[in-house]
Amino acid sequence: MGRKAMETLVGGFVLLGTLAVVFLALKAANLTSFNAGPTYTLTASFDNIGGLKVRAPVKSAGVTVGRVTAISLDPKTFQGTVTMQLDQRMQFPDDTSAKILTAGLLGDQYLGLEPGGSDQNLNDGGRIKMTQSAVVLENLIGQFLYNRAAEGGAEKK
Amino acid sequence: MTASDLLPTLGRVALSNLRGMGRSAFFLVEMLKQLPPTLLRFHLVAAQIHAIGNRSLVIIAASGLAVGFVLALQGYYTLSRYGAAESLGLMVALSLVRELGPVVTGLLFAGRAGTSLTAEIGLMKAGEQLAAMEMMAVDPKGRVLAPRFLAGIIAMPLLAAIFSAVGILGGYVVGVLMLGIDPGAFWSQMQSGVDVWDDVGNGVIKSVVFGVACTFVALYQGYEAAATPEGVAQATTRTVVVSSLAVLGLDFVLTALMFSAPH
């Protein structure tokens with residue numbers, strides 16, 4: 001086989017393989033979903049972050065606007081500090097509240113943002129002040145049982 | 001063999017195996033040392049990529065398609081028992097990208113390209129071509145072995161990616177076109193569940209590791225083959241067996257490292 005022909009075939013093979021990797025990255029995985037475009041960083045503190053993980057989506061009105069980038073424990077207030085990166089095009093007012101919600105009933109947890117009505121917007125490095133922690137199932141069950149026991153006691157009287 | 005011969009024989013076998021392992025380690029180091037100069041003579045590598053990669057395309061693509069078909073069929077029957085038939089795309093993609101792509105491609109690669117490499121090097125040794133090269137002060141490791149090593153490392157991840165991609169398309173053909181799953185659900189579940197770095201990236205890392213292992217075993221067995229027809233035949237058999245076991249063993253280790261630790 002001539003050298004030119006063989007080099008063409010090898011080039012074709014490498015191109016095919018690269019296209020397969022690109023196909024897998026774009027069509028099969030989630031590469032295109034968010035990474036493009038400039039972002040800005042916000043933080044929020046929660047009493048309990050529940051099952052929130054790094055790279056969990058940040059959604060507003062159900063639409064993904066960012067990702068959680070870091071979770072850490074504040075050693076002074078003992079609250080969980082969540083750092084997130086949001087799409088630069090989405091500006092939120094500075095009285096926005098953040099909640100940790102669950103997708104579906106027992107699915108992955110994500111951060112939900114509810115915008116407030118303020119005129120000022122949060123800047124890069126801003127803090128979301130109003131937060132609601134995740135619902136912890138065990139606490140909920142404990143609360144439920146306690147209420148039932150209290151009701152039972154009240155009925156007997 | 002009498003009882004008194006048993007212990008010495010055991011010792012001899014153990015020592016010769018250890019020596020073999022040591023020789024193969026030196027061989028691997030020699031290969032790695034020869035990689036930078038080989039990059040400068042890339043036309044040699046390109047010829048080998050043609051022999052190893054292009055010639056494996058048909059079997060890899062056909063196997064990928066078949067595995068994709070079967071995954072979709074079997075997955076559909078099991079998932080629809082729990083009403084989760086829409087997740088078929090996710091199941092097919094994760095199975096292929098994380099495990100089946102690298103592993104099955106590695107096994108096929110060991111069988112197809114590994115045996116041809118071993119036979120070629122073994123026959124070169126039997127025909128005294130390697131010795132003749134050394135006489136001419138041409139290092140056979142750099143001229144003959146290193147280009148094949150580099151070609152194997154380059155070709156394996158590409159072949160594994162082609163396997164996974166064709167498999168996903170095969171799963172699409174069976175799942176959507178034949179079994180009637182909604183195409184939107186097929187792709188969107190897949191895209192939300194397959195992570196580029198954790199799943200596709202780890203699959204690529206696995207296929208590179210398998211490529212190094214299979215090519216190294218094939219070249220070593222060919223280089224160390226006895227210079228007779230039976231020697232070459234035994235070497236090719238050993239290549240397939242050792243490569244396949246290495247791929248499966250490494251897969252277990254890599255999967256444990258990559259996929260069990262929660263992030």
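## Close-up views of a predicted two-chain model

**Figure 1. The open sheet of chain A.** Eight strands form this sheet: chain A holds an open arrangement of 8 strands in the order β7-β1-β4-β3-β2-β6-β5-β8, and the pairing is mixed. Its edges are β7 (126-128) and β8 (130-132) of chain A, each of which pairs on one side only. When direction is ignored, neighbouring strands of the sheet are turned against each other by 30 degrees on average. The model shown in this and every other view is a predicted one.

**Figure 2. Strands β2 and β3 of chain A and the hairpin that they form.** The pairing of β2(A) with β3(A) is antiparallel and comprises 4 bridges. One residue pair that can be located in this view is A:Pro57 with A:Arg67, its bridge partner in β3(A). Between the two strands the hairpin has 2 residues, and in this hairpin A:Ala61 adopts a positive phi near 55 degrees.

**Figure 3. Strands β3 and β4 of chain A.** Strand β3 (residues 63-73) of chain A runs antiparallel to strand β4 (residues 80-87) of chain A, and 7 bridges join the two. Two residue pairs may be followed across this pairing. A:Val68 has A:Met84 as its bridge partner in β4(A), while A:Ile71 has A:Val82 as its bridge partner in β4(A). The hairpin of β3(A) and β4(A) has 6 residues between its strands, and A:Phe78 takes a positive phi near 55 degrees there.

**Figure 4. Strand β5 of chain A between its two partners, β6 and β8.** Strand β5 (residues 97-102) of chain A pairs with strand β6 (residues 109-114) of chain A in the antiparallel sense, through 6 bridges. Within this pairing, A:Ile100 has its bridge partner A:Leu111 in β6(A). With β8(A), by contrast, β5(A) pairs in the parallel sense, over 3 bridges. Here A:Lys99 is found opposite A:Gln132 of β8(A). The strand β8 (130-132) of chain A is one of the edge strands of the sheet.

**Figure 5. The surroundings of A:Ile49.** This residue belongs to the loop between β1 (39-46) and β2 (57-60) of chain A. Is A:Ile49 buried or exposed? A:Ile49 counts as buried because it has 23 C-beta neighbours inside 10 Å, and the cut-off for a buried residue is 20 or more. Apart from neighbours within four places in sequence, the residues in contact with A:Ile49 are A:Ile71, A:Gly80, A:Val82, A:Ile100 and A:Ala134. A:Gln109 lies 60 residues from A:Ile49 in sequence, with a C-alpha to C-alpha distance of 9.3 Å in space.

Figure 6. Chain B contains 9 helices and 0 strands. Its C-alpha trace spans about 65 × 55 × 35 Å along the principal axes. Of the 263 residues in chain B, 43% are buried. Among contacts in chain B with a separation of 6 or more, 87% join residues 24 or more positions apart. The contact between the chains involves 17 residues from chain A and 25 residues from chain B. On the side of chain A that touches chain B, 14 residues are nonpolar, 2 are polar and 1 is charged.

**Figure 7. Helices α1 and α8 of chain B.** Two packed helices are described by the angle between their axes and by the distance between those axes. Helix α1 (residues 3-40) of chain B packs against helix α8 (residues 196-223) of chain B at about 115 degrees, and their axes are 11 Å apart. The two helices, α1(B) and α8(B), are therefore roughly perpendicular to each other. The residues that make the contact are B:Ser24, B:Phe27, B:Leu28 and B:Met31 of α1(B), together with B:Phe216, B:Tyr220 and B:Tyr223 of α8(B). By class, the contact of α1(B) with α8(B) includes 6 nonpolar residues, 1 polar residue and no charged residues.

**Figure 8. Helices α6 and α8 of chain B.** The axes of helix α6 (residues 140-178) of chain B and α8(B) come within 8 Å and cross at roughly 140 degrees. This angle makes α6(B) oblique to α8(B). The crossing of α6(B) past α8(B) is right-handed. Residues in the contact include B:Gly152 and B:Ala160 of α6(B), and B:Gly203 and B:Phe216 of α8(B). By class, the contact of α6(B) with α8(B) consists of 15 nonpolar, 6 polar and 1 charged residues.

Note on methods: Residues numbered from 1 in each chain as written. Chains lettered and ligands numbered in written order. Predicted model: local features only at pLDDT ≥ 70, side-chain atom pairs only at ≥ 80, totals over all residues. Pairing = 2+ DSSP bridges. Axes fitted to C-alpha atoms, helices over the stretch in contact; angles between N-to-C directions. Buried ≥ 20, exposed ≤ 12 C-beta atoms within 10 Å, placed from the backbone. Contact = placed C-beta atoms within 7 Å. Nonpolar A, V, L, I, M, F, W, Y, C, P; charged D, E, K, R; others polar. Parallel < 35°, antiparallel > 145°, perpendicular 65-115°, else oblique. Left-handed = near helix turned anticlockwise from the far one by under 90°.
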